[in-house]
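This report looks at a protein fold and its aromatic pairs. Please keep the sequence and the 3D view at hand.

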Amino acid sequence: RRCARGLQRRAFKDDSSSRVAVKERNPTDLYQLLGVTEDAQPQDIKRAYHDLQKVVHPDVAGPSGTDMSILLNEAYEVLSDADKRKLYN
C-alpha cells in the first residue's frame, strides 16, 4: 500500500479533481511519465505502467483519472513496441 500511495503522489502532485489541471501537469517525456529511464527493460516499462494504472484508472480514481489513464495508455503503446520506441528515441 505504501507503494500505491507513492505512485498516486507522482501521478497527481496537486489537486487531481480537474482534468485540465491533470493534463497541464503531465510531462511530455514518455519515460518521465512512466517513471522509468530511457534504457529501461520492457518488463520494467510494463511494471511501471501497470502500477500507475492501478492508481489512476477511472474505475479506481473516478473521472479525475481518465486523462492520466489515457496518457499512460499512449506512453505504454509507444514504449512497449520496439519499433515505435526506436522512432520515439
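## Surface and fold

The protein has an accessible surface of about 6,000 Å², and carbon and sulfur atoms hold 48% of that surface. Areas here come from the Shrake-Rupley method with a 1.4 Å probe; for residues, only the protein chains shown count as cover. This is a predicted model: local features need pLDDT of at least 70, side-chain atom pairs count only at pLDDT 80 or more, and totals for chains, interfaces and linings use all residues. Residues are numbered from 1 along each chain as its sequence is written, and side-chain values use heavy atoms, with hydrogens and water left out.

The protein has seven helices and zero strands. Helices (H or I, at least four residues) and strands (E, at least two) are DSSP runs, numbered from the N terminus. Of the 89 residues, 33% count as buried. Buried means under 20% relative accessible area, exposed over 50%, and partly exposed in between (1.4 Å probe, protein chains only). Among contacts in the protein with a separation of 6 or more, 56% come from residues 24 or more positions apart. A contact means heavy atoms within 4.5 Å.

## H4 against H6

The axes of H4 and H6 come within 10 Å and cross at roughly 170°. That makes H4 roughly antiparallel to H6. Axes are lines fitted to C-alpha atoms, for helices over the stretch in contact, and angles run from 0 to 180 degrees between N-to-C directions. Angles under 35 degrees count as roughly parallel, over 145 as roughly antiparallel, 65 to 115 as roughly perpendicular and the rest as oblique.

H4 contributes Ile45, Lys46, Tyr49, Leu52, Gln53 and Val56 to the contact. H6 contributes Thr66, Met68, Ser69, Leu72, Asn73, Tyr76 and Leu79.

## Aromatic pairs

The structure holds two aromatic pairs. Rings of Phe, Tyr and Trp (its six-membered ring) pair if their centres lie within 6.5 Å; planes under 30 degrees apart count as stacked, over 60 as edge-to-face and the rest as tilted. Tyrosine 31 and tyrosine 88 form a tilted pair, 5.9 Å centre to centre with 50° between the planes. This pair links helix H3 (residues 30-34) to helix H7 (residues 82-88), 57 residues apart. Tyrosine 31 is buried at 2% relative accessible area, whereas tyrosine 88 is partly exposed at 33%.

Tyrosine 49 and tyrosine 76 are stacked, 4.3 Å centre to centre with 15° between the planes. Tyrosine 49 sits in helix H4 (residues 42-56) and tyrosine 76 in helix H6 (residues 66-80). Tyrosine 49 counts as buried at 14%; tyrosine 76 is partly exposed at 21%.
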